[in-house]
There are 2 protein chains.
Amino acid sequence: MADALTQLKERLATVTDLERVSRVLNWDQQTMMPPAGWQHRGEHLATLRRLSHEALTDKEIGRLLDELRSVEESLDPDSDDASLIRLTRRDYEKASRVPTELRAEMTRAAAEARTIWVKARAQSDFESFRPALERNYELRQRYVDCFDDVEEPYDILLDDFEPATTTAEVTETFNELKPELLQLISELRDEEVDDSFLRGTFPPEAQERLCKEVVTLFGFRPDTWRLDPTEHPFASGAGVDDIRITTHYDPETMKSFFSTMHEYGHGLYSHQLPRHLESLPTGGPCSLGIHESQSRMWENLVGRSRPFWNFFYPRAQAAFPERLGSVDLDAFITGINRVKPSLIRIKADEVTYGMHVILRFELEQDIVNGRVAVRDLPTVWNERMQEYLGVEVPNDAQGVLQDTHWASGHIGYFSTYLLGTVMSVQIWEKILEDVPDLEEQIERGEFGGLRDWLGEHIHSLGRKFTPQETLQRATGSTIDPKPYLAYLRTKYGAGVAA
Amino acid sequence: MADALTQLKERLATVTDLERVSRVLNWDQQTMMPPAGWQHRGEHLATLRRLSHEALTDKEIGRLLDELRSVEESLDPDSDDASLIRLTRRDYEKASRVPTELRAEMTRAAAEARTIWVKARAQSDFESFRPALERNYELRQRYVDCFDDVEEPYDILLDDFEPATTTAEVTETFNELKPELLQLISELRDEEVDDSFLRGTFPPEAQERLCKEVVTLFGFRPDTWRLDPTEHPFASGAGVDDIRITTHYDPETMKSFFSTMHEYGHGLYSHQLPRHLESLPTGGPCSLGIHESQSRMWENLVGRSRPFWNFFYPRAQAAFPERLGSVDLDAFITGINRVKPSLIRIKADEVTYGMHVILRFELEQDIVNGRVAVRDLPTVWNERMQEYLGVEVPNDAQGVLQDTHWASGHIGYFSTYLLGTVMSVQIWEKILEDVPDLEEQIERGEFGGLRDWLGEHIHSLGRKFTPQETLQRATGSTIDPKPYLAYLRTKYGAGVAA
């Protein structure tokens, strides 16, 4: 009979494999699956979810964890094995609260809702999506009800995406950001910046070539990745050697390029996770916030910076000669950093982006706590867009229906985007200390130094520690909005970008 | 507590879902997966296989089957439920013999061997593939050893692909075919037929358009299918509304067109399986032989026939004007039906095809029964190709390495191709009785009548009955090589095709 730790690892490998298989099916559903296949897919994902939930909550896992208590105490808390036991205890205790059937039903309902959402968004018809969304919220209510002594129901949901992080902590961070962002937006909103060259004809084939070029430049090991078109960009994959990123080729802009750099950041994180922990929960990503710190870093701190464009701009001009051929580098950099309140979160600039997130974070809590009804969402959404960003929402497709998250059952997810953005600047400043010539490297088109630093200080930690512990280890500090606000002030405060 | 039948169905739904998920992963591996992803994939498929095997062989299934014995006896044997109990008993008793770990190991080894085979074939290097193939055979030996009183070890392997069919039965059928095929080949081998227009430049984009056109013409429900390029064509999918067929675009021939019609036949079978049995083993395809009767029918009885080309030839000419523009219909039909011994099974004509299969069927038995060693396979292969088809094999890529089956662990599979071909003609003759104007329909480009007949008489039976019972129900007879031989004699005997 294998020892308790070996037995635990074998059982956890099943859980991990099932989750990775689900990721491939999710990718397939959004890129390849014939549309009519969604009915099968919902059942299949629900079955996988049920099996992984059963495997994780098997009483034998609880018994092994009890047996391992003294082993855990004898180990260095930073060791792989101590971290595994600690993390598994946390996962087991949370998952054991939730009946398998509820977990499977949440998955099934979300797969169906996502399909309904695709049609509803295409027709800008919130009402046709409302019942599916109500069902998702209702199932999350039942999920929250599985836990005792819940002071803030939203804590339970948030914790699924940003572990060991409370609503109060996020609120504190966001409260520090909100007035500063609103102030900065009001200063910048009427500034005249010419970015007309960013709209027009951007042939999708040229976009695709350029996106593949930048991914190749940033760098993955050969034969380990692919880039595909999808409606809503995301990163997925089955393991460190199977990375799948997606983007959306809008024929009238080059937004796909920035979204590709964003998804590259996610993909690189997955690519550099600890291979030796691959079959274990500790081998996964730490949290969505940490994930997003990586994607926002590559998209914004690299991808909207002068050093990067000093190197890359001739390639972009070659890809889109009609649009960019006669635009000089300064004008281009100013254009891609234009601050302008707008409707769509994923197309928002660095300054207004935060308010899109804060709006969603607040709305989710309002619904979960019964202050806003799902049927009133479009109205409240539109009012807050007016209040926070001063924009008029013309229809639900460009408003409350724009994101896939709620359809996909990812309620409690949005705040991680802004947490990640804030953390990305803290991490960036630390890298600049450790790699003083980072900007010169980027200017030469060299990204190995950046990749390696991220691999060593963040990616290789996997999920061994909580997000804040991970950030603390990498930067010496837990989350702090000040560096991010200072970065925005420096970059945009003078009214001239970059 | 649900009744025993409901409980059984719930448990079987898990098995079915896991198998369908594996199908999607297999499709992904062969069409989309970044090459380096194969290491993850092997583990993931092995885990799915282990879980489905555990679910099927759970003692509770045995208990439920015992409990259902009297229910089964009280039901009409043709009913869905009686068929389900009967079939599950058979599956359970076979699967229960096999340790879960062996099943998972067979899957893992096959996934690895397939990757090794891809490289070995590209380099025409049998030796680099030999250890992986030996491992596959060795695992099948252990598999056979799980059963008692095995007179013919090959029976156990064959039964996995063609259930309730023995080696002796197949041998009897093949022994009737072999002398006739050899005779026909010797009559036709030196015949001069001009098919030079089938070689040259066939732009892959034009091939792809034409392949999609014929699939659309033959017909699936909208949004339920896709066609992708792959090295080795196959059909897969996740259910009746998620059909995935693949083909290979060789830029110098239009073989992709015939392989697409072939895979369409497989796809249509999956598409018209009984939806109400979808989550149960009875909702699957009957056998590989029956599957192949469908694909060979669409490829050959439709796709190489005069009525089809009377309708379709102008479209092919429009797709390949340089190659076919000045070739008249008679010459084209004669060309695509040319009989000429050649190296590659999937490119073989209708007459020589059978000998490719018989060679493999015999070789598999030789290895399983220790008469031929794996290391001697290339030599024996080449000798038999000389003996049966009179062709010299120039290298292993065009010889023993040409097919994926052995790499993929599908040992015992090949005979089903010829069984299916034989059955396809029996079925075709029955359809011609029931739908007397079938050829006129095809001549008008109408395939609904053919689809419907196949749906009603074969596809809708799913896996409720054995292959021979299914054929008997559809045609009034079990397998009989005479109609097939008569068909070949009529079509080719006069020395002029079609």
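**View 1. Packing of helix 6 against helix 7 in chain A of the predicted model.** Helix 6 (residues 100-123) and helix 7 (residues 126-144) of chain A pack at an angle of about 160 degrees, with their axes 9 Å apart. Axes are lines fitted to C-alpha atoms, for helices over the stretch in contact, and angles run from 0 to 180 degrees between N-to-C directions. Helices (H or I, at least four residues) and strands (E, at least two) are DSSP runs, numbered from the N terminus. The two helices of chain A are therefore roughly antiparallel to each other (angles over 145 degrees).

**View 2. The contact between helix 6 and helix 7 of chain A.**

**View 3. An open sheet of 3 strands in chain A.** The strand order is 1-3-2, with mixed pairing; two strands pair if DSSP finds at least two bridges between them. Strand 1 (225-229) and strand 2 (235-239) of chain A are the edge strands, each pairing on one side only. Strand 2 and strand 3 (residues 242-247) of chain A run antiparallel and are joined by 4 bridges.

**View 4. Helices packed on the sheet.** Helix 10 (residues 204-218) of chain A touches strand 1 and strand 3 of chain A. Helix 2 (residues 38-56) of chain B touches strand 2 and strand 3 of chain A.

Residues are numbered from 1 along each chain as its sequence is written, and chains are lettered from A and ligands numbered from 1 in the order in which they are written. In this predicted model local features need pLDDT of at least 70, side-chain atom pairs count only at pLDDT 80 or more, and totals for chains, interfaces and linings use all residues, while side-chain values use heavy atoms, with hydrogens and water left out.

Definitions and conventions: Parallel < 35°, antiparallel > 145°, perpendicular 65-115°, else oblique. Contact = heavy atoms within 4.5 Å.
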